[in-house]
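Here is a short briefing for a first look. Please view the sequence and the structure, then read on.

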Amino acid sequence: MRSFALAKVAILMGILVLWAAPVLAEEWPIGGGGPNYVTMTKTANNVIFGQITATTRTSVRVAIGKALKGKAHDEINIVSFDKRKYMPVKDPRETFKKGEDYYFFLGAAMIGSVPFEPIADSIYLPVEHGKIKTSIIAPTLEQYVHELDFEFFDAYLEALIAIQESRAIDPAFLGQLLERLEKSANDPNSTMTPTYFTMVTQLQPGYDKETVLMAMAASPDVNSRVLAVRQMALIAPHLKGGNEPSQPEPEPKDKGGKKGKKAARPAKRAKTVDSYYERIYGKLVQMVNSDKSRLVQSAAAMALAAVDDFRAISILAERIDATDDETPELCEVHPVALANPTRKAVITAIVSFDSDEALDVLERELLKNKVETFRLILEIFKDYTDTSLHLLLLDLLQDANFLPRQVAILEYFRSIKDDATIEGLKKLFLSPEAGSEFIRKSIVEVFQDYKEPKTTTEFLLEHGLHDPSPVVRQATAKALGTLGDPTCVPKLKDIYFKESNRLAREFYVETLSMIRSRDAFETLRWLKEKETDGRMLEQIEFALKKSKYLSQ
């Protein structure tokens, strides 16, 4: 089997970073909305709620009403609001008013009268009439705000801090939060579902209640649908094959205690779990095929890759031509244009599968004269160490009938060249698979742009210059000239009069003129004395005049 094992590791790591919710995720990179309250409560040494008692041009004085984290005095000074990354304040008097209540996320406690400073990645959060207006998903972006009760938000911050400090969450608050989420998810007109869901998954990363997730997946709100897809990508692998979900619902206790009943229950549970997995898989397929949102389609494609269900390959393959390269829309869960366009997401998902079927799909697409899709596949593939497509690409490189494809292939190889790639191409050059002189020529052309000539010069001298094909020998001479390694001069001098192909000899002369060394220049002079072919003498004299050695 042609292996995508290393590629799969890389892509799935990327998918999980983008779409899965890690334990107390510090940030959701796909959204690009900056730090969230998990980050702020974790980074801050002091999380306080208090009232402004005085303001100056550089500071505010705050009477501490409550310290959710850290130890603070009854009253403190806070400075350096202008150093914050988000909503910096140059003059506190223009922002903070005496008598107003705020949450602050502050750095380390200071000694004596030295003032506190807000952490760089934080906001200041006002409390007005017992209400908080903020976005739990992207709190640093003011265009996305929802209203929360002060007591509810305060309990939320305490729950985040409790987890960070390995303490139990208040069960009353957790129950209230789950109840709000379920009620909101079942109301298609509610705008609070993404907020409550984000809170829940920050506290319970493996949350997997089916009725809630399916309701969110069917919601008219794109934020809910994206979050549902994200969570499905996280929990589905645990459900596939009958594994227990990360948070199974409690089963009735076996009052009789009979061994027969206990032994039978896991199989029943596995069947239920597996059917739940099938419903998730079916929903993801439906969303990648027919959701109206490009963002949701992109998310669903990446989720299918994370689920790693090989049935998805053919479905994703059909979507390549049905999708486009437009940037997905922006929303609260995706406020910055960082998500993959749908076509790129679909191809990226296909690349992640460790199977011949996935590779066959990519090969079929590469053989089509669709330059944008071709470039996109190569752009994705260059991030992985798998070399399964190299032989096909080298073969296609010699197809002069479609120049854009040739350019794309050379750009691909130039962008991925490292020691491992070069060593792989060396083995390919010497293998029976490289029986075509044009494949070997393509490999040499890739070598000529490698910036560490010692890695390739020796190989080219030993194998390229002795290749049975004059086409390969000519390409080798050109590559040696581009690399400019003076160690190749003695070999070129030795092989020149042994070369039967005049065009190849012309390339050798050109190569010597490109090498900035006295030895190369003297070799050209030596060839001028020995050569008897009039045409070659003209080439040698021209090479002596333009020798790079003379330009030093």
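Which residue forms a salt bridge with Arg518? The partner is Glu522, and the closest N and O atoms are 3.5 Å apart. A salt bridge here is a side-chain nitrogen of Lys or Arg within 4 Å of a carboxyl oxygen of Asp or Glu.

This is a predicted model, where local features need pLDDT of at least 70, side-chain atom pairs count only at pLDDT 80 or more, and totals for chains, interfaces and linings use all residues. Residues are numbered from 1 along each chain as its sequence is written, and side-chain values use heavy atoms, with hydrogens and water left out.

**Helix H22**

- Helix H22 covers residues 518-530, 13 residues in total. Helices are DSSP runs of H or I with at least four residues, numbered from the N terminus.
- From first C-alpha to last, H22 reaches 18 Å, close to the 18 Å expected at 1.5 Å a residue. The expected span is 1.5 Å times one less than the number of residues.
- Ala520, Phe521, Thr523, Leu524 and Leu527 of H22 are buried. They sit on the same side of H22, because they cover an arc of only 160° around the axis. That arc is taken from the directions from the helix axis to the C-beta atoms.
- Buried means under 20% relative accessible area, exposed means over 50%, and partly exposed lies in between (1.4 Å probe, protein chains only).
- The buried residues of H22 pack against helix H20 (489-495), helix H21 (502-514) and helix H23 (534-546). Contact means heavy atoms within 4.5 Å.
- Arg518 and Glu522 both belong to H22, 4 residues apart, about one turn of the helix.
- Arg518 counts as partly exposed, at 49% relative accessibility. Glu522 is partly exposed too, with a relative accessible area of 28%.

**Salt bridges elsewhere**

- The whole structure holds 29 salt bridges.
- Asp467 pairs with Arg440 in a salt bridge, with the closest N and O atoms 2.7 Å apart. Asp467 lies in the loop between helix H18 (453-464) and helix H19 (470-483), and Arg440 lies in helix H17 (residues 437-447), so the pair ties together parts 27 residues apart in sequence. Both Asp467 and Arg440 are buried.
- Glu445 forms a salt bridge with Lys441, and their closest N and O atoms are 2.4 Å apart. Both lie in helix H17, 4 residues apart, about one turn of the helix. Glu445 and Lys441 are both buried.
- A network of salt bridges links Asp321, Glu365, Lys368 and Lys370.

Conventions. Helix = DSSP H or I, 4+ residues; strand = E, 2+ residues; numbered from the N terminus.
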